[in-house]
Amino acid sequence: MHGDGPVGLEHKFRGFSDDLALEDDLVIEGYASFFGDADQGGDIVEPGAYAASLARLKAEGRRVKMLWQHDPAQPIGLWDEVREDGRGLFVKGRLLDSVARAREAAELIRAGAIDGLSIGYRTRRATKDSKGRRRLHELELWEVSLVTFPMLPSARLGAKGDAADPHGLRELAEALRGARQRLARI
């Protein structure tokens, strides 16, 4: 689905896990993007890709939009927290109970029928790697949507940044390799 929608808007999808983070007050959270993971289109988001965009939005007093299936006519809530961390783009927000589509989305999430997050953005800076994949270095983030089919299906609503997940283990392994290499030089 990426590349359709408003001119220049691309979509990246992430899914949700069984440890569903939907509370009675319609709060949802998870990772909308993970750094270093190739999506089904071969694109890889690099660490720091969202930083400038998030800083601009904050300086202008604007927010990343929460949409239903990338439809700009269907905002369904508010992202109260959108930030980069060592793993990717973390989002936390509220589905608005006063919006009919948001109530429907909440029920679909609870039932397990909707389980994806997707980012809508414009590429500001990218390169190609030796395998022909786009390495996305800077993105202008416009929105994060709840979607049916994620482009990057490994992420799930409620994905946490704890060390028990594969991304945390990968980071730990990389740190240990680096420490071993530094020790070998001593």
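The model is predicted: local features need pLDDT of at least 70, side-chain atom pairs count only at pLDDT 80 or more, and totals for chains, interfaces and linings use all residues. Residues are numbered from 1 along each chain as its sequence is written, and side-chain values use heavy atoms, with hydrogens and water left out.

Start with the fold. The protein chain has three helices and eight strands. Helices (H or I, at least four residues) and strands (E, at least two) are DSSP runs, numbered from the N terminus. Along the sequence, their order is β-β-β-α-β-β-β-α-β-β-α. Of the 186 residues, 44% count as buried. Buried means under 20% relative accessible area, exposed over 50%, and partly exposed in between (1.4 Å probe, protein chains only). The accessible surface of the protein chain is about 9600 Å², and carbon and sulfur atoms hold 54% of that surface. Such areas come from the Shrake-Rupley method with a 1.4 Å probe; for residues, only the protein chains shown count as cover. Contact means heavy atoms within 4.5 Å. Among contacts between residues at least 6 apart in sequence, 70% join residues at least 24 apart.

Now the rings. The structure holds three aromatic pairs. Rings of Phe, Tyr and Trp (its six-membered ring) pair if their centres lie within 6.5 Å; planes under 30 degrees apart count as stacked, over 60 as edge-to-face and the rest as tilted. Tyr 31 and Phe 34 are stacked, 5.0 Å centre to centre with 20° between the planes. Tyr 31 also pairs with Phe 90: the centres are 5.5 Å apart and the planes stand at 70°, so this pair is edge-to-face. The second pair links distant parts of the chain, with Tyr 31 in strand E2 (residues 27–34) and Phe 90 in strand E6 (residues 88–95), 59 residues apart. How buried is each ring residue? Tyr 31 has a relative accessible area of 2%, Phe 34 has 3% and Phe 90 has 7%. Arg 87 lies over the face of Tyr 31, 4.5 Å from the ring centre. A charge sits over a ring if NZ of Lys or CZ of Arg is within 6 Å of the ring centre and within 35 degrees of the ring normal.

Next, the hairpin. Strand E7 (residues 116–128) and strand E8 (residues 134–147) pair in the antiparallel sense over 12 bridges. Two strands pair if DSSP finds at least two bridges between them. Lys 128 has Arg 134 in E8 as its bridge partner. Five residues lie between the strands, and Gly 132 takes a positive phi near 80° in this hairpin.

A nonpolar core is a set of buried Ala, Val, Leu, Ile, Met, Phe, Trp, Tyr and Cys residues joined through side-chain atoms within 4.5 Å. The largest one has 31 residues; Tyr 50, Ile 76, Trp 79, Leu 95, Ile 119, Val 144 and Leu 146 touch the most other members. E8 gives the largest share, five residues. Leaving aside neighbours within four places in sequence, Val 144 has contacts that include Ala 32, Met 66, Trp 79, Val 91 and Ile 119.

Gln 69 is not a glycine, yet has a positive phi of about 55°. His 70 also has a positive phi, near 65°. Gln 69 is partly exposed at 31% relative accessibility, whereas His 70 is buried at 10%.
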